[in-house]
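Biologist: I have not looked at this one before. Can you walk me through it?

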Amino acid sequence: MLKETDIQKKNRLDFSTGWSYDPAPESRDHITIKEQYGHFINGKFTKPIEGNYFPTISPSTEEEISQIAVGSAADVDAAVKSARKAYSKTWSKMSGRDRGRYLFRIARMIQERAREFAVIESMDGGKPIRESRDVDIPLAAAHFFYYAGWADKLEYAFPGRKPKPIGVAGQIIPWNFPLLMAAWKLAPALATGNTVVLKPAETTSLTCLKLAEIIQEADLPPGVVNFVTGAGDTGAAIVNHEDIDKIAFTGSTAVGKIIQKAIAGTGKKLTLELGGKAPNIIFEDAAVDQAVEGIINGIFFNQGHVCCAGSRLFVQESIADEVRDKLIDRIATLRVGDPLDKNTDVGAINSKEQLDTINRYLEIGLNEGADIFQSSCELPEKGYWCCPTLVANVSQSHRIVQEEVFGPVLTIQTFRTPEEVLEKANNTPYGLSGGVWTDKGSKIFNMTSGIKAGVLWANTFNKFDPTSPFGGYKESGLGREGGLHGLTPYLNI
Ligand code: ADP
């Protein structure tokens with residue numbers, strides 16, 4: 001059974017290509033998921049003290065996959081105590097070389113079990129297997145490899161200084177890159193000699209709990225890494241625990257602000273990686289076909305569930321029609337559906353709440369007078385879905401241009417001069433990322449020095465590497481993760 005969205009009924013772009021791929025689903029046979037998971041504290045899976053669990057469901061089928069423990073303040077306290085003990089007794093005293101060995105071991109074990117991780121990530125989070133298999137899991141392993149290499153070289157990273165770990169880090173991560181965000185947070189913290197209490201997002205705990213199995217097998221000393229699962233209250237209990245020395249958070253700007261207020265004056269260190277509303281700017285001298293592919297990759301793959309997604313397209317006026325037509329043609333070929341199908345481009349929206357948020361923004365856009373077009377993709381009856389969506393006839397003041405939608409929704413605006421597009425590109429509260437497409441090196445330098453964003457791509461988009469620092473300006477956050485920069489938030493130098 002297929003269903004048609006209201007927006008499709010109103011503004012249908014007829015995209016029928018007349019042909020289709022056969023289904024090519026990735027097998028689930030090789031994975032094991034327990035019916036119920038406790039927290040991972042002091043090297044063991046433990047039952048939640050208050051005994052409560054919540055279901056984790058597949059957003060593409062709405063089926064329950066497993067039961068996850070609800071973390072209470074008492075669970076968080078047990079995890080922090082175990083992390084503190086491991087910090088004082090073993091991890092901070094261990095040589096960098098030995099810490100590095102553990103991290104190399106974890107990296108290799110993630111590689112060995114990459115297929116299992118990829119399938120679970122797609123089942124639990126809804127992202128296409130192509131993304132989890134080719135992006136999330138290899139990058140997660142790469143982060144452990146990269147920071148393993150730094151563990152015994154910290155004095156070379158900061159010459160003439162004596163870098164020391166901070167202590168116990170509380171880490172809170174979102175649902176868009178579950179294993180990768182865990183790797184981003186864990187690898188630098190562990191390489192620098194800190195111990196960790198980490199909370200995955202409530203809709204995507206499973207790959208973190210699978211990582212706990214690897215951590216056990218790798219024989220990491222008990223308590224060095226602890227996972228407490230749960231929702232916002234569990235996160236708040238981590239933030240407010242008095243024996244935590246540092247908080248690293250990735251998530252919404254709203255929660256980032258709550259955390260910043262909560263720890264003000266406590267002496268806890270803080271890094272925040274928050275929302276974004278990235279401009280993707282196409283000049284008339286750009287290679288248009290490549291740019292169109294970059295736009296598609298920047299916002300539609302991964303359902304737009306990327307904080308650095310290129311959600312605002314700016315096209316130079318002289319090529320606006322050409323880019324729009326090519327974009328529509330390309331969207332016609334995007335396949336929306338089963339995340340485990342190897343031919344799927346756009347998977348399921350991560351949760352019902354997120355789908356409601358996206359639809360609310362589309363409604364706001366319509367009420368503000370925008371023209372909204374959705375591809376005529378066929379949607380499965382069950383699950384949470386949003387067809388690739390173009391939003392035209394908008395101006396800077398539209399909320400759908402200003403606010404983060406976090407879905408496969410692209411606004412299109414035009415510009416005439418570089419000065420004009422810089423004004424428009426910088427006119428949001430965010431400053432996480434941006435992209436520029438042009439044949440001219442000088443234009444790249446002018447634009448990238450003018451755009452107020454922490455991450456900028458030229459003639460490409462959404463490319464990541466563990467050696468590159470990542471982070472934002474303004475309401476997109478503070479501090480950097482990745483690269484040499486990513487070591488400093490975990491060290492007293
Ligand atoms: P998103 O919009 O990406 O879901 P959130 O900021 O709501 O972003 O969630 C990101 C992470 O922050 C999740 O792990 C969530 O459980 C956690 N979280 C939500 N509210 C709070 C809070 N008040 N304090 C700490 N963590 C929180």
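Modeller: Start with two cysteines: Cys377 and Cys387 are both buried, meaning under 20% relative accessible area with a 1.4 Å probe, protein chains only. This is a predicted model, where local features need pLDDT of at least 70, side-chain atom pairs count only at pLDDT 80 or more, and totals for chains, interfaces and linings use all residues. Residues are numbered from 1 along each chain as its sequence is written, and side-chain values use heavy atoms, leaving out hydrogens and water.

Biologist: How many disulfides does the count come to?

Modeller: The count is 1 disulfide, defined as a pair of cysteine sulfur atoms within 2.5 Å. Cys377 is joined to Cys387, S to S 2.2 Å. The link is left-handed, with -105° about the S-S bond.

Biologist: Different topic. Which residues have the most contacts inside the largest nonpolar core?

Modeller: Ile106, Leu186, Leu211 and Phe227, in a core of 109 residues. Such a core is a set of buried Ala, Val, Leu, Ile, Met, Phe, Trp, Tyr and Cys residues joined through side-chain atoms within 4.5 Å.

Biologist: What does Leu186 contact, leaving aside neighbours within four places in sequence?

Modeller: Its contacts (heavy atoms within 4.5 Å) include Phe144, Gln171, Leu211 and Phe227.

Technical notes. Buried < 20%, exposed > 50% of the residue type's maximum accessible area, 1.4 Å probe, protein only.
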